[in-house]
Amino acid sequence: MYIYLRKLFAMLATVFLVSMITFITFEIIPGDPVLARLGVDADEAQIRALSEELGLDEPLSKRFFGWITGLFTGDLGQSIRYSRPVSELILDRLPVTLSLALISMALIVIIGVPLGILSARYGDRLPGISISIVSQIGMAVPSFWTGIILMYIFGLTLRWVSPGGYTPWSVDPVEAFKSLLLPAVAIALPSIATVTRYTRNTVMEQMKNNYVRLAFSKGLKMNAVLFRHVLKNALIPVITVLGMITANILGGSIVIEQVFTLPGVGRLLINAISVRDLPLVQGMVLYISLVIVVTNFLIDIVYTLIDPRIKLR
Amino acid sequence: MERTISEGTLLQVRDLKISFTTVKGDLPAVRGISFDIGRNSIVGLVGESGCGKSVTALAIMRLLPSNAQLSGTIDFSGRNIVAMHEEEIRKLRGSEISMIFQEPLTSLNPLWKVGRQIDENLKMHTKMSGGERFRSVIDIMRDVGLPDPERLYHKYPHELSGGMRQRIAIAIAIACRPSLIIADEPTTALDVTIQAQILQLLKDINREKGSSIIFISHNFGIIREICTSVCVMYAGHLVEVAPTEKLFCGPEHPYTIGLMKAIPKIDSKGRELYDIPGKVPSITDALPGCPFEPRCEYAFERCKRELPQFKALGDQHESRCFLAGELR
Amino acid sequence: MRRILSLLIIFLAALSVFSTERIVVAVMQDPDFLDPHRAAASGTYEMMFNVFEGLLKPDSKGNVIPAIAESYSISPDGLVYTFKLREGVKFHNGKEVTMNDVLYSLNRLKGSGEVRGLSSDFEKFVSKIEAIGDRTVEITLNTLNTDFLDKFINAIIPADNPDHERNPIGTGPFKFVAYQPGQRVVIAKFNEYWNPDLPLVDEVEFRIIPDNQAALMSFMAGEVQMLPRLDAIQADILMGKYNLISAEQNMVQLMAINLAREPFDDLKVRKAINLAIDKEEIIEIVANGYGTALGSNMSPIMERYYQEGLEDYYKTDVVAAKSLLAQAGYPEGFKTKITVPSNYQFHVDTAQVIVEQLKKVGITAEIELIEWSIWLDRVYTGRDYEMTIVGLTGKLSAYDILKRYLSDYPRNFYNYFNPRYDELVNSAIKQTDIDKKAALFKQAQVLLTEEAVAVYIMDPNFIVALAPNLFGYNVYPLYVQDMSTLYYK
Amino acid sequence: MKRKRVSLYIGISIIASLLAMMLVSLFYTPYPVTEMNRNERFAPPSAKHPLGTDNFGRDVLSRIMKGSQTAFLVGLIAVSVGGIFGVIIGAIAGYFGGILDEFIMRLMDAMMAFPGILFALMFVSIFGVGIRNTIIAIGIMSIPSFARITRSGFIQHKEFEYVKNARVKGVSNLRIMFSHIFPNVLSPIIVAASMGFSSAVLSEAALSYLGLGIQPPDPSWGRMLNESQSFIALSPWYTIAPGIFITLIVLGFNFLGDGIADLQDRQQ
């Protein structure tokens with residue numbers, strides 16, 4: 001039980017570290033949130049009113065601890081740019097980014113892993129070569145370029161999906177899924193290729209082991225050996241890559257949300273940074289670091305589930 | 001020399017050739033060997049590493065890599081394994097013929113419980129229900145001398161000692177009561193005390209379960225301990241076949257004689273160890289005549305040109321040498 | 001029974017969907033404030049123009065016409081403005097507009113007691129706001145400001161509304177429905193609008209799509225029916241298939257020159273730069289021809305105050321430019337930097353054309369892209385730049401446009417301090433006679449041109465694309481989308 | 001066997017040709033890279049302009065050639081910065097484990113969680129604007145991915161016999177890590193490198209949007225891809241050209257990496 005406590009502490013330490021860096025960064029990079037919001041035509045009286053309301057002149061340490069204490073009561077503070085609670089803004093857009101991440105992660109695992117195994121099995125023969133070439137190209141194509149092309153083909157010419165239109169899950173799940181599928185594919189494509197290559201490499205490596213020969217000597221078919229014995233052993237490095245891919249998906253979704261005009265957290269983050277909306281950026285960095293820290297924690301857990309030799313340290 | 005199939009023979013190998021096609025051309029690993037495995041006998045396959053004994057074993061199981069070429073016949077109770085379809089031989093693997101490998105640590109799947117790895121065999125080849133299989137696995141584990149099988153069932157390979165892991169491998173091999181077990185140097189990686197227990201175990205299995213065993217090793221001491229008859233291999237050829245005691249008391253082929261001399265004796269303290277001159281020919285060397293000719297003391301002109309045939313020396317003792325029977 | 005009832009409701013709702021006429025408009029940014037007195041960004045007024053009205057409101061010609069006020073009069077000395085309230089004007093919450101609301105709104109702008117006002121013009125110029133009976137209000141200025149009339153388009157809002165930001169209430173043709181940050185602002189028809197025959201559609205959604213390529217795609221796919229501020233290049237793509245309307249948008253794109261920096265304090269250098277730059281080429285390459293060349297800080301759409309002919313004052317002349325540079329002591333030219341905000345591709349492209357043009361006279365200009373917030377901080381406030389390109393959105397009052405160059409203007413980032421110019425502009429604002437006032441503003445423009453304070457490039461035309469069946473769009477000389485006159489046919 | 005060398009040859013040929021183009025562009029391009037031509041805007045690919053012209057009438061081929069300098073610069077420096085530090089950090093964390101590993105991994109999580117764009121903004125505001133600093137920032141941003149992959153490789157391999165044997169023989173930890181374990185962990189790292197390369201080239205594009213990447217009018221493939229986006233309907237070739245070249249250079253390094261990894265595997 002002690003291990004889990006230590007892990008929890010480590011996770012909180014990371015989140016605290018990231019939040020502190022964010023605060024310090026905002027002190028370093030120039031740019032005044034009040035002017036960024038009101039723009040060039042702002043009237044002096046309006047600038048004064050907003051600056052007083054935001055209280056930006058308080059010392060850094062006071063604001064940081066104010067934010068931390070607020071954290072415990074679940075209050076992430078007020079967004080400077082939108083004058084709304086940060087938590088409300090994030091929760092409003094979380095479903096898009098989360099469902100986008102989940103769909104693309106599902107695509108990556110469902111397509112990437114089997115493809116990797118197939119290309120490992122038919123290594124030198126035609127299917128093996130063609131899979132690896134396609135996966136190479138998939139990895140190389142810039143994701144927002146694929147986004148534009150997909151949008152062009154399915155949005156404008158084939159009209160299967162309405163570009164720029166996003167219907168929330170609560171309104172119409174089918175429509176919501178349709179509008180998220182294309183962007184999810186654009187995000188997933190490069191990562192599918194990566195997972196395919198990883199799985200192929202690790203499966204081929206595992207095939208050299210003696211336990212594979214033992215499995216064959218038991219009279220198992222090739223597929224049975226691959227999926228019952230080799231796959232589980234080959235999954236460990238693949239899962240590490242999946243951990244890393246979560247970070248790419250979060251990063252990738254920023255660009256893809258822009259191309260498909262999806263109201264996700266990614267776009268909000270870019271916007272918040274450019275208008276120096278510290279509380280909002282802080283809230284989102286918190287959310288992103290939680291997602292990453294939790295995913296990595298889950299990965300460590302999955303390691304121990306798969307490989308009894310590895311203990312949770 | 002034609003051999004009739006007597007009902008006492010389980011496996012008959014006739015003129016088995018195995019070569020591997022590689023970028024550097026075809027490498028002949030086994031250059032035509034013939035031998036028989038009698039029912040519930042333990043036959044030793046012995047020779048220095050690289051003589052083709054492991055490849056022969058894998059050939060019997062048809063587990064050679066895709067670039068291997070097989071010719072000749074391996075007759076297993078009426079059916080030629082070499083000609084079998086993959087589906088056919090696959091049904092035999094694990095049920096009729098099974099195999100034990102050398103490396104206990106790496107030959108078990110590290111991520112599976114040991115019990116389940118035994119159970120998989122039963123699942124593949126029997127119609128037993130889950131409960132029956134579990135009880136059967138426990139019995140088998142007890143047969144191979146594993147303490148407290150109920151607890152051990154749920155352990156993982158890395159939690160067991162080398163000896164115990166090899167016992168699990170043996171349990172896997174005997175799960176479906178195969179008629180033939182191929183043991184490829186099963187005790188080499190174990191220390192002496194455990195080695196003796198494993199050998200005793202194999203002997204018990206052979207006696208009680210009636211499975212014949214092909215025991216592959218380079219250690220004559222072990223061979224003498226466990227085998228009923230021995231085939232000596234050299235550079236892809238079979239050079240001498242004989243019942244165990246006959247081979248150790250009266251080896252006929254120069255190579256076997258040399259090997260016997262090389263075995264250090266208790267009373268040979270202080271005397272220089274004998275070593276066969278020269279080195280084992282590489283797989284790519286063409287060997288027109290007798291393969292052992294370059295290192296043979298008794299070699300003469302004819303040995304260079306012609307490959308000697310087997311000469312029967314009575315009581316199933318044969319040697320592939322022109323001077324067979326005249327050397328001592 | 002209950003099941004049939006619910007089916008009926010769904011059916012009715014479905015029916016209403018068909019009958020409600022909706023227009024989806026693509027806009028670039030979120031509103032900065034929904035509270036009208038605190039909103040400053042032009043992008044906000046563009047939308048909320050449909051929700052709020054002041055005592056007066058602008059018409060499509062750029063004049064101010066009565067709205068909540070029925071009529072108005074200005075005292076001979078130009079100091080006292082008297083407004084007579086219109087009968088039966090209602091707020092979106094159904095309540096009638098009372099004198100108390102008018103006073104509350106005007107005082108909120110002027111500020112009362114220790115609470116500072118939200119409009120520095122009201123704070124500076126207004127001395128007294130007085131109600132006469134419950135239908136007339138009188139506002140007295142402390143000094144003469146003939147452009148002050150335009151200030152009365154500031155919104156009148158209900159005094160008893162606790163949260164103007166989350167729940168904005170006005171008197172305009174549309175009432176506020178919802179705002180989802182980063183996604184959309186939705187407004188709907190206000191049935192009790194004082195002008196009964198407006199608006200013509202039931203609902204308008206301003207959908208926030210910052211990426212102009214994505215906006216174009218949504219428009220072509222029919223997701224969006226109106227695309228204001230179309231990218232000039234994209235206009236060619238839509239030409240013919242959709243109806244496009246383009247006009248000057250009263251915006252001045254200029255390349256500001258930091259007069260406090262060597263060598264730009266020398267008039268000859270600034271003249272040379274103006275002579276080197278070919279505005280026609282910039283308009284053709286960057287704005288795809290959709291632009292009107294300028295000579296000074298005024299767009300021709302402000303007809304009454306616009307000084308013609310200044311755009312040809314510096315006819316492109318490389319030889320003359322080089323000789324001027326030589327006279328100023330830079331025969332070989334010099335190196336300089338053009339700082340441009342990175343998120344305005346239009347200005348970035350302009351800078352790239354200018355770099356090529358300046359090369360011809362020996363000036364090697366390097367482009368330095370900086371992020372918008374840094375630009376506001378370093379250039380607009382800190383005045384730490386050599387040359388920069390920016391677009392200033394138009395205002396109804398000429399004074400508001402030209403006051404940026406006054407010596408005492410806090411954001412005079414040109415560092416232009418010319419008492420002659422101050423005198424011209426400050427006296428113009430005091431001039432009640434329109435013609436005299438216009439003449440003074442025109443002289444001020446000539447001064448800016450003669451002194452080459454900046455390079456006045458163009459008024460980039462405003463292009464709006466409308467769905468084929470959408471009609472009734474009026475172009476305004478300022479950042480406004482009047483949705484009340486639009487209808488489907 | 002044959003297939004392994006095929007990917008090596010494809011990789012080498014693609015990279016060689018792109019490298020040749022880049023070297024040529026150092027001193028010759030068909031047209032001056034920033035020369036505009038008013039009446040040849042959006043010209044389709046022709047003999048005169050093999051890849052057509054952009055919205056300023058500039059020759060796209062010349063800009064692609066010049067842009068290749070940035071692509072190689074950004075890709076190689078970023079991947080080497082990220083790779084070297086990432087692998088070292090990952091190796092230490094994976095090999096030694098314990099508290100050190102815990103600390104390093106938490107630091108990596110923090111770096112991964114921190115938005116890259118914010119980091120680049122901060123890095124550049126401290127160390128000054130310029131393509132050099134932007135590239136280093138991109139490099140630092142890719143350290144966590146290398147570290148994580150190397151660590152997982154080291155964790156797995158340190159359990160193997162050959163490592164235990166080396167320890168028993170008294171070989172120093174450093175030698176074990178870098179001459180024994182590292183070669184066995186090379187192939188996943190190479191895959192990470194090619195992945196790092198492509199994301200580096202694309203982050204330059206994203207950062208150039210914030211004014212941090214290559215300053216115009218100098219071209220970079222990322223920026224060209226970004227800017228050409230709004231002309232996709234009018235002159236699709238202007239969008240396709242940078243897209244293809246970015247794909248090509250990443251593909252080239254992928255195949256190269258794949259080939260090296262396989263060659264290296266086969267030697268064992």
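This note sets out numbered points on the structure shown above.

1. The model is predicted: local features are reported at pLDDT of at least 70 and side-chain atom pairs at pLDDT 80 or more, while totals for chains, interfaces and linings use all residues. Residues are numbered from 1 along each chain as its sequence is written, and chains are lettered from A and ligands numbered from 1 in the order in which they are written.

2. The contact between chains C and A involves 38 residues of chain C and 41 residues of chain A. Two residues are in contact if their C-beta atoms, placed from the backbone, lie within 7 Å. On the side of chain C that touches chain A, α4 (120-125), α5 (212-220) and α11 (372-381) of chain C each contribute at least two residues. Helix α11(C) supplies the largest share, 8 residues. Helices (H or I, at least four residues) and strands (E, at least two) are DSSP runs, numbered from the N terminus.

3. By class, this side of chain C comprises 16 nonpolar, 11 polar and 11 charged residues. Here Ala, Val, Leu, Ile, Met, Phe, Trp, Tyr, Cys and Pro count as nonpolar, Asp, Glu, Lys and Arg as charged, and the others, Gly among them, as polar.

4. The bond from C:L198 to C:P199 is cis, with omega near -15°, and C:P199 is placed in the loop between β11 (184-189) and β12 (203-208) of chain C. The bond from C:E262 to C:P263 is also cis, with omega near -25°; C:P263 lies in the loop between β15 (252-257) and α7 (267-276) of chain C.

5. A:S83 has a phi of about 50° and sits in the loop between α4 (60-72) and α5 (86-121) of chain A. A:S83 is partly exposed, with 19 other C-beta atoms within 10 Å. A residue is buried if 20 or more other C-beta atoms, placed from the backbone, lie within 10 Å of its own, exposed if 12 or fewer, and partly exposed in between.

6. B:N40 has a positive phi near 30° and is found in the loop between β2 (25-38) and β3 (42-46) of chain B. B:N40 is partly exposed, with 17 other C-beta atoms within 10 Å.

7. Helix α3 (residues 98-113) of chain D has 16 residues and reaches 23 Å from its first C-alpha to its last, close to the expected 22 Å. The expected span is 1.5 Å times one less than the number of residues. Its buried residues include D:M105, D:R106 and D:D109. Their cover includes α1 (2-28), α10 (222-259) and α12 (278-306) of chain A, together with α2 (60-96) and α6 (143-157) of chain D.
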